[in-house]
Amino acid sequence: MPHPGEEGGPTTPDLRFLRDDGHVAFLLGRIVPGAVPPLLPALAGALVVGTLLAADRGHLAGITLFAPVAALLLSGLASGHPHDGRFDWLVPPVLRATEYTYLAVLGPASGVPGPLVFVLLVAVVCHHRDDVARPMVGMVRPDRVRGAALGWDGRMLVITAGGALHALTPAYGILAGYLAVLLVREAVRTWSAAPVTDVRARTTAPPGGGDTDPGDPRISRPGRGDGGQPAAGTNGEA
């Protein structure tokens with residue numbers, strides 16, 4: 001994977017990069033670096049989150065509000081694993097699906113307006129899309145920008161804290177606005193730093209290097225249909 005911000009040829013992003021781990025998951029991964037296989041914790045966390053959301057019909061409160069995040073954080077222990085297993089490519093999609101489901105189900109069930117839930121989901125999807133698309137052109141976002149997006153664990157913790165404080169709607173709105181500003185700022189920075197080719201109008205000479213200016217049609221020039229002979233004078237001399 002290229003160095004953050006470095007341009008190069010198209011490359012396949014590291015699966016650990018596509019996990020979109022935040023600071024909490026990264027620290028958990030340093031406890032047992034490389035010792036925990038990544039797929040099983042991710043699947044177990046997704047199963048717990050789905051079960052809790054289905055059991056309470058998405059309306060979580062009290063300790064159950066933190067249970068899904070705590071269960072999914074188990075997959076953070078595997079953030080330091082090289083993700084070189086046969087099915088480890090499933091880890092990023094599982095984490096993405098779990099985060100999207102948590103945000104999409106918890107919000108409406110707790111009275112958050114549907115449009116606000118949609119805006120937050122779009123902001124998170126655009127963030128993930130940016131991480132996937134940039135390596136295709138040989139670039140990645142700087143680590144500080146990716147860290148500022150909080151990671152899947154940080155975003156879920158923000159929403160969980162908002163629910164615990166009975167301010168779930170403001171939490172959705174603040175997080176959506178924050179991510180949108182971050183995406184726009186990074187897009188503007190990237191566009192401003194991209195090299196611009198100076199395109200100038202150039203006259204292409206025809207084959208043989210002839211003059212492209214036809215000039216006065218009454219005056220013969222070398223290379224014209226009359227064989228390049230000089231025009232006759234007014235006194236009749238050739």
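I looked up the nonpolar surface patch first: Phe 118, Val 119 and Val 122 make one of about 270 Å². Patch members have over 30% relative accessible area and no salt bridge, and nonpolar side chains (Val, Leu, Ile, Met, Phe, Trp, Tyr) are joined within 5 Å. A salt bridge puts a side-chain nitrogen of Lys or Arg within 4 Å of a carboxyl oxygen of Asp or Glu. Areas are Shrake-Rupley values with a 1.4 Å probe.

The model is predicted: local features need pLDDT of at least 70, side-chain atom pairs count only at pLDDT 80 or more, and totals for chains, interfaces and linings use all residues. Residues are numbered from 1 along each chain as its sequence is written, and side-chain values use heavy atoms, with hydrogens and water left out.

I placed Phe 118 in helix α6 (helices are DSSP runs of H or I, at least four residues, numbered from the N terminus). Phe 118 counts as exposed because its relative accessibility is 56% (exposed is over 50%, buried under 20%).

Next I checked Asp 131, also in helix α6, residues 114-133. Asp 131 has a relative accessible area of 4%, so it is buried. Its side chain makes a polar contact with that of Arg 146 at 3.4 Å (a pair of N or O atoms within 3.5 Å, one able to donate a hydrogen and the other to accept it). Leaving aside residues up to four places away in sequence, Asp 131 touches Phe 17, Leu 18, Asp 20, Arg 141 and Arg 146 (heavy atoms within 4.5 Å).

Last, I noted the whole chain: nine helices and zero strands, with 35% of the 238 residues buried.

Terms used:
Helix = DSSP H or I, 4+ residues; strand = E, 2+ residues; numbered from the N terminus. Buried < 20%, exposed > 50% of the residue type's maximum accessible area, 1.4 Å probe, protein only. Patch = residues over 30% accessible without salt bridge, like charges linked within 9 Å, V, L, I, M, F, W, Y side chains within 5 Å.
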